[in-house]
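Good morning, and thank you for coming.

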Amino acid sequence: MRKVFLQTLNLLLILAAIGLGLWLVNQNFPAANQLAVAATLGEDTPMLSSLGPPLRTALDYPHQLILDTPVYFDLRSLPWFTRARVELRYREEGRTLVGLAGKVGEPWQYAPVMPLLVTTDEDGWQRAIFDVDLTNLMRPKNVRRFLIETVGPAGRALRLKSLDVTLER
Amino acid sequence: MNFPFFKHHRFHFLVEPARVVFRVSIVTSFLLLAVEYLLPGFVANWFNPLWVLLLAAGSGILSQVSE
(Lines give C-alpha, C1' and ligand atoms only; values in the text may rest on other atoms or scores of the structure.)
Protein backbone atom coordinates (compact mmCIF):
# COMPACT_ATOMS: atom_id res chain seq x y z
CA MET A 1 0.00 0.00 0.00
CA ARG A 2 2.73 2.40 0.99
CA LYS A 3 4.69 1.57 -2.10
CA VAL A 4 1.64 2.13 -4.31
CA PHE A 5 1.03 5.49 -2.65
CA LEU A 6 4.61 6.63 -3.17
CA GLN A 7 4.67 5.39 -6.76
CA THR A 8 1.42 7.23 -7.51
CA LEU A 9 2.80 10.40 -5.94
CA ASN A 10 5.98 10.05 -7.98
CA LEU A 11 4.00 9.57 -11.18
CA LEU A 12 1.76 12.55 -10.44
CA LEU A 13 4.76 14.80 -9.76
CA ILE A 14 6.52 13.71 -12.95
CA LEU A 15 3.32 14.36 -14.93
CA ALA A 16 3.04 17.78 -13.26
CA ALA A 17 6.63 18.59 -14.24
CA ILE A 18 6.00 17.51 -17.84
CA GLY A 19 2.79 19.56 -17.85
CA LEU A 20 4.72 22.57 -16.59
CA GLY A 21 7.18 22.20 -19.46
CA LEU A 22 4.39 21.89 -22.04
CA TRP A 23 2.63 24.92 -20.56
CA LEU A 24 5.86 26.94 -20.85
CA VAL A 25 6.32 25.91 -24.48
CA ASN A 26 2.70 26.83 -25.19
CA GLN A 27 3.15 30.25 -23.55
CA ASN A 28 6.37 31.01 -25.42
CA PHE A 29 5.20 29.78 -28.84
CA PRO A 30 1.69 31.22 -28.96
CA ALA A 31 -0.55 29.65 -31.57
CA ALA A 32 -1.59 33.06 -32.93
CA ASN A 33 2.10 34.00 -33.37
CA GLN A 34 1.39 37.09 -31.30
CA LEU A 35 1.95 37.81 -27.67
CA ALA A 36 0.37 40.84 -26.02
CA VAL A 37 2.10 42.34 -23.02
CA ALA A 38 0.64 45.22 -21.03
CA ALA A 39 2.76 47.30 -18.71
CA THR A 40 1.71 47.85 -15.13
CA LEU A 41 2.66 51.50 -14.79
CA GLY A 42 5.03 52.13 -11.91
CA GLU A 43 5.80 48.46 -11.41
CA ASP A 44 8.35 46.07 -12.80
CA THR A 45 6.82 43.02 -14.43
CA PRO A 46 8.79 40.02 -15.74
CA MET A 47 8.56 41.15 -19.37
CA LEU A 48 8.26 44.92 -19.14
CA SER A 49 10.07 47.10 -16.66
CA SER A 50 8.72 50.27 -15.16
CA LEU A 51 9.68 53.60 -16.69
CA GLY A 52 12.94 55.09 -15.52
CA PRO A 53 14.93 56.98 -14.37
CA PRO A 54 12.80 57.72 -11.31
CA LEU A 55 13.40 61.48 -11.25
CA ARG A 56 12.02 61.94 -14.76
CA THR A 57 8.81 60.10 -14.07
CA ALA A 58 6.15 60.36 -11.42
CA LEU A 59 3.30 58.08 -10.63
CA ASP A 60 -0.07 59.79 -10.52
CA TYR A 61 -2.12 56.68 -9.95
CA PRO A 62 -3.38 55.17 -12.19
CA HIS A 63 -1.40 57.22 -14.68
CA GLN A 64 2.30 57.82 -15.10
CA LEU A 65 3.68 61.32 -15.71
CA ILE A 66 6.70 61.79 -17.93
CA LEU A 67 8.39 64.97 -16.70
CA ASP A 68 11.62 65.06 -18.68
CA THR A 69 13.19 63.47 -21.73
CA PRO A 70 14.23 60.76 -22.41
CA VAL A 71 12.76 58.01 -20.26
CA TYR A 72 13.46 54.34 -20.80
CA PHE A 73 11.87 50.97 -20.35
CA ASP A 74 13.15 47.44 -20.86
CA LEU A 75 11.45 44.60 -22.69
CA ARG A 76 12.51 41.00 -22.18
CA SER A 77 11.37 38.93 -25.13
CA LEU A 78 12.57 35.73 -26.71
CA PRO A 79 14.61 35.84 -29.92
CA TRP A 80 11.93 34.37 -32.20
CA PHE A 81 9.77 37.45 -31.74
CA THR A 82 11.16 39.70 -34.45
CA ARG A 83 8.69 42.57 -34.49
CA ALA A 84 6.95 44.52 -31.80
CA ARG A 85 4.00 46.85 -32.00
CA VAL A 86 4.20 49.38 -29.20
CA GLU A 87 1.06 51.30 -28.38
CA LEU A 88 1.07 54.32 -26.09
CA ARG A 89 -2.07 56.00 -24.80
CA TYR A 90 -1.34 59.41 -23.43
CA ARG A 91 -2.42 62.99 -23.03
CA GLU A 92 -0.13 65.92 -23.71
CA GLU A 93 -0.11 68.39 -20.84
CA GLY A 94 2.46 70.85 -22.14
CA ARG A 95 4.84 68.12 -23.31
CA THR A 96 4.55 66.49 -26.72
CA LEU A 97 5.59 63.03 -27.81
CA VAL A 98 8.36 62.81 -30.38
CA GLY A 99 8.89 59.12 -30.75
CA LEU A 100 10.41 55.93 -29.55
CA ALA A 101 13.98 54.70 -29.89
CA GLY A 102 15.54 51.27 -29.53
CA LYS A 103 19.06 50.72 -28.26
CA VAL A 104 21.45 49.54 -30.98
CA GLY A 105 24.85 50.06 -29.35
CA GLU A 106 26.80 50.98 -26.27
CA PRO A 107 26.87 53.35 -24.60
CA TRP A 108 24.25 55.65 -26.01
CA GLN A 109 23.28 54.67 -29.54
CA TYR A 110 19.61 54.54 -30.25
CA ALA A 111 17.69 54.05 -33.49
CA PRO A 112 14.68 56.35 -33.52
CA VAL A 113 11.28 54.99 -34.49
CA MET A 114 8.59 57.40 -35.62
CA PRO A 115 4.97 56.59 -34.88
CA LEU A 116 3.04 54.82 -37.62
CA LEU A 117 -0.14 56.44 -36.51
CA VAL A 118 -1.24 59.03 -33.97
CA THR A 119 -4.94 59.33 -33.32
CA THR A 120 -7.08 61.11 -30.78
CA ASP A 121 -9.82 59.07 -29.20
CA GLU A 122 -13.26 60.36 -28.34
CA ASP A 123 -12.36 60.63 -24.68
CA GLY A 124 -9.44 62.98 -25.41
CA TRP A 125 -6.65 60.44 -24.96
CA GLN A 126 -4.16 60.17 -27.78
CA ARG A 127 -2.88 56.91 -29.15
CA ALA A 128 0.47 56.44 -30.85
CA ILE A 129 1.41 53.15 -32.51
CA PHE A 130 5.00 52.21 -33.31
CA ASP A 131 6.24 49.28 -35.35
CA VAL A 132 9.68 48.20 -34.16
CA ASP A 133 12.02 45.74 -35.83
CA LEU A 134 13.56 43.87 -32.90
CA THR A 135 16.32 42.14 -34.88
CA ASN A 136 18.53 45.25 -35.10
CA LEU A 137 18.46 46.05 -31.43
CA MET A 138 20.99 45.05 -28.80
CA ARG A 139 19.72 42.29 -26.58
CA PRO A 140 21.97 41.38 -23.66
CA LYS A 141 20.20 38.44 -21.98
CA ASN A 142 17.19 39.04 -24.26
CA VAL A 143 16.56 42.45 -22.71
CA ARG A 144 16.04 45.31 -25.14
CA ARG A 145 16.00 48.92 -24.04
CA PHE A 146 13.69 51.56 -25.45
CA LEU A 147 13.55 55.30 -24.96
CA ILE A 148 10.44 57.45 -25.06
CA GLU A 149 11.34 60.89 -26.34
CA THR A 150 9.24 63.91 -25.58
CA VAL A 151 9.75 67.64 -25.99
CA GLY A 152 8.49 70.43 -23.80
CA PRO A 153 9.44 72.87 -21.06
CA ALA A 154 10.76 71.51 -17.78
CA GLY A 155 8.05 70.70 -15.30
CA ARG A 156 5.37 70.03 -17.90
CA ALA A 157 4.18 66.48 -18.13
CA LEU A 158 3.00 63.92 -20.60
CA ARG A 159 0.36 61.80 -18.93
CA LEU A 160 0.70 58.17 -19.89
CA LYS A 161 -2.35 55.96 -19.51
CA SER A 162 -1.13 52.67 -20.89
CA LEU A 163 1.81 51.05 -22.61
CA ASP A 164 1.08 47.90 -24.55
CA VAL A 165 3.48 45.78 -26.54
CA THR A 166 2.38 43.13 -29.03
CA LEU A 167 5.20 40.80 -30.00
CA GLU A 168 5.00 39.11 -33.38
CA ARG A 169 6.86 36.18 -34.85
CA MET B 1 -8.42 8.03 14.97
CA ASN B 2 -7.50 5.01 12.98
CA PHE B 3 -5.93 5.00 9.57
CA PRO B 4 -6.26 1.39 8.36
CA PHE B 5 -4.54 2.38 5.13
CA PHE B 6 -1.23 2.94 6.90
CA LYS B 7 -1.86 1.09 10.16
CA HIS B 8 0.48 -1.82 9.69
CA HIS B 9 3.36 0.26 8.44
CA ARG B 10 5.47 2.80 10.13
CA PHE B 11 4.67 5.34 7.51
CA HIS B 12 6.12 8.78 8.10
CA PHE B 13 3.62 11.08 6.49
CA LEU B 14 6.09 13.88 5.82
CA VAL B 15 9.42 12.13 5.45
CA GLU B 16 8.74 9.50 2.81
CA PRO B 17 6.69 11.65 0.40
CA ALA B 18 9.27 14.40 0.92
CA ARG B 19 11.90 12.11 -0.56
CA VAL B 20 9.79 11.67 -3.70
CA VAL B 21 9.03 15.39 -3.92
CA PHE B 22 12.73 16.17 -3.53
CA ARG B 23 13.76 13.78 -6.28
CA VAL B 24 11.36 15.23 -8.83
CA SER B 25 11.65 18.90 -7.86
CA ILE B 26 15.47 19.01 -7.81
CA VAL B 27 15.62 17.58 -11.34
CA THR B 28 12.84 19.93 -12.50
CA SER B 29 14.50 22.99 -11.00
CA PHE B 30 17.86 22.17 -12.61
CA LEU B 31 16.17 21.70 -15.98
CA LEU B 32 14.25 24.98 -15.62
CA LEU B 33 17.38 26.87 -14.57
CA ALA B 34 19.34 25.39 -17.49
CA VAL B 35 16.62 26.48 -19.95
CA GLU B 36 16.52 29.90 -18.31
CA TYR B 37 20.30 30.21 -18.67
CA LEU B 38 20.22 29.32 -22.38
CA LEU B 39 17.11 31.37 -23.22
CA PRO B 40 16.69 34.15 -20.64
CA GLY B 41 13.00 34.83 -20.18
CA PHE B 42 11.71 31.45 -21.34
CA VAL B 43 10.82 30.47 -17.79
CA ALA B 44 11.21 33.67 -15.78
CA ASN B 45 8.79 35.63 -17.98
CA TRP B 46 6.05 33.41 -16.58
CA PHE B 47 7.16 32.41 -13.09
CA ASN B 48 10.30 32.40 -11.00
CA PRO B 49 12.12 29.04 -11.32
CA LEU B 50 13.71 29.56 -7.92
CA TRP B 51 10.39 28.59 -6.31
CA VAL B 52 10.92 25.03 -7.55
CA LEU B 53 14.46 25.06 -6.18
CA LEU B 54 13.06 26.29 -2.86
CA LEU B 55 10.56 23.41 -2.88
CA ALA B 56 13.46 21.02 -3.53
CA ALA B 57 15.45 22.52 -0.64
CA GLY B 58 12.47 22.32 1.72
CA SER B 59 11.57 18.75 0.87
CA GLY B 60 15.24 17.76 0.88
CA ILE B 61 15.65 18.99 4.45
CA LEU B 62 12.39 17.34 5.46
CA SER B 63 13.41 14.01 3.96
CA GLN B 64 16.42 13.91 6.28
CA VAL B 65 14.26 14.15 9.40
CA SER B 66 14.35 11.04 11.61
CA GLU B 67 12.57 10.38 14.85
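Why does A:Leu22 count as exposed? A:Leu22 counts as exposed because its relative accessibility is 58%, where exposed means over 50%, buried under 20% and partly exposed in between, with a 1.4 Å probe and protein chains only.

Two remarks on the source are in order. This is a predicted model, in which local features need pLDDT of at least 70 and side-chain atom pairs count only at pLDDT 80 or more, while totals for chains, interfaces and linings use all residues. Residues are numbered from 1 along each chain as its sequence is written, and chains are lettered from A in the order in which they are written.

A:Leu22 lies in helix 1 of chain A, residues 2–28; a helix here is a DSSP run of H or I with at least four residues.

I turn to the pockets. A pocket is an open set of points on a 1 Å grid where a 1.4 Å probe fits, with protein on both sides within 12 Å along at least five of seven lines; lining residues have an atom within 4 Å of a point.

The largest pocket has a volume of about 220 Å³. Of its 15 lining residues, the closest to the centre are A:Ala17, A:Ile18, A:Gly21, B:Thr28 and B:Leu31. Helix 1 of chain A gives the most to this lining, with 7 residues.

The second largest pocket has a volume of about 160 Å³. Its lining includes A:Ala17 and B:Thr28, together with B:Val52 and B:Leu55. Helix 1 of chain A, and helix 1 and helix 2 (50–63) of chain B, each supply at least two of its lining residues.

Notes:
Heavy atoms only, no water. Points joined across faces, edges and corners; volume = space filled by probe spheres on them.
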